[in-house]
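Good morning, colleagues. Please have the sequence and the structure in view while I speak.

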Amino acid sequence: MELSGDFAKYVSSCEPDDDAVTTAKKAHEKVRDELKTDEDTRDAHEETFLTGSYRRHTAIHNIEDVDVVCILDLDIHAEGSEPEVVLTWLQGVLDKYYSETRPQGRSIGISAKGVWLDIVPGSPVYKDGPLWIPDRDAKKWVQSHPKGQISAASEKNKSTDGYYVQTVKLMKAWRDRLPTEKSKPKSYILETLVNQTIGVPTAHARAVVSVLEGINSSYGFYRGSGIVPTIADPGFASVNVAKRWSSADFDAFLDQVKSAATTARQALDAIDEAESRKLWRKLFGSTFGA
């Protein structure tokens, strides 16, 4: 059964609370103003904008981190503009304002009064298009398209009458309940898989079934092959979001998807409401329908 009321209530329970939203808003506004006005960044600063699940409205529960892109007037090919140099410079600026900063692969992380911020420096490939962002490990600038990701999510949400964003939240809630860390994909990989498989649902239950069966159908035959297929970023198809996904973790995820797809189909097809709810609770926990 679709149990539309139960799903609506469960999705609502996944939403970040007002305090978390307020804390995140204050934190990102503060750092964006600092980057715009600091004497060491203001001449190079062109724009900051939000990205990540917070911006795409797919975050659930506590907002654990907020991604901020800082576009700089920067020649990435010039001497002194190497990724490590730019990231170290950016961390030095942020050290003026925050007691805890951390160099990360493509960003500088900062702890800002209850929320973690990831500050990603970038330089435009072309106006309003993809960006060059630093890759510390690869020691080179790589292309990404955060605004393209935002647009892709918005367009998919519109074409699915709002089910896309809510289904991403449902799938993240399901993912977070999986028994091992190996089986839990990173959030943007999962969001991409939802984008690929959601179809045109008419109910939350049908969206979940479409996603789980779609992932299993599209990728299940890779299980045990030692191969992780290319999974194209819906916002920038030349980027493979599964590039760093190990085959062992991929297989562990597919094992969970196969089992969950069977349970979800049984829950949707069940004609008894209590039996359907019992099956959905296997995926979403005892609070579903409570």
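Let me begin with a question: is Ser246 buried, partly exposed or exposed? This is a predicted model, and in it Ser246 has a relative accessible area of 33%. Buried would require under 20% and exposed over 50%, so Ser246 counts as partly exposed.

As to its location, Ser246 sits in the loop between β9, residues 236–240, and α9. A polar atom of the Ser246 side chain lies 3.1 Å from the backbone nitrogen of Asp249. Ser246 is also 9.2 Å from Lys182, C-alpha to C-alpha, although 64 residues separate the two in sequence.

I turn next to helix α9, residues 247–269, and helix α10, residues 273–284. Their axes come within 8 Å and cross at roughly 155°. Angles over 145 degrees count as roughly antiparallel, and α9 and α10 are therefore roughly antiparallel to each other. Their crossing is left-handed. On the α9 side, the contact involves Ala260, Thr263, Ala264, Gln266, Ala267 and Leu268; on the α10 side, they meet Ser276, Leu279, Trp280, Lys282 and Leu283. By class, this contact comprises seven nonpolar, three polar and one charged residues.

The last pair is helix α1, residues 4–14, with helix α8, residues 204–219. Here the axes come within 9 Å and cross at roughly 75°. An angle from 65 to 115 degrees counts as roughly perpendicular, and that is therefore the arrangement of α1 and α8. Phe7, Ala8 and Val11 of α1 meet His204, Ala205 and Val208 of α8. Five residues of this contact are nonpolar, one is polar and none is charged.

Thank you for your attention.

Conventions:
Residues numbered from 1 in each chain as written. Predicted model: local features only at pLDDT ≥ 70, side-chain atom pairs only at ≥ 80, totals over all residues. Heavy atoms only, no water. Axes fitted to C-alpha atoms, helices over the stretch in contact; angles between N-to-C directions. Helix = DSSP H or I, 4+ residues; strand = E, 2+ residues; numbered from the N terminus. Parallel < 35°, antiparallel > 145°, perpendicular 65-115°, else oblique. Left-handed = near helix turned anticlockwise from the far one by under 90°. Contact = heavy atoms within 4.5 Å. Nonpolar A, V, L, I, M, F, W, Y, C, P; charged D, E, K, R; others polar. Buried < 20%, exposed > 50% of the residue type's maximum accessible area, 1.4 Å probe, protein only. Polar contact = N/O pair within 3.5 Å; in protein donor to acceptor, adjacent residues only side chain to side chain.
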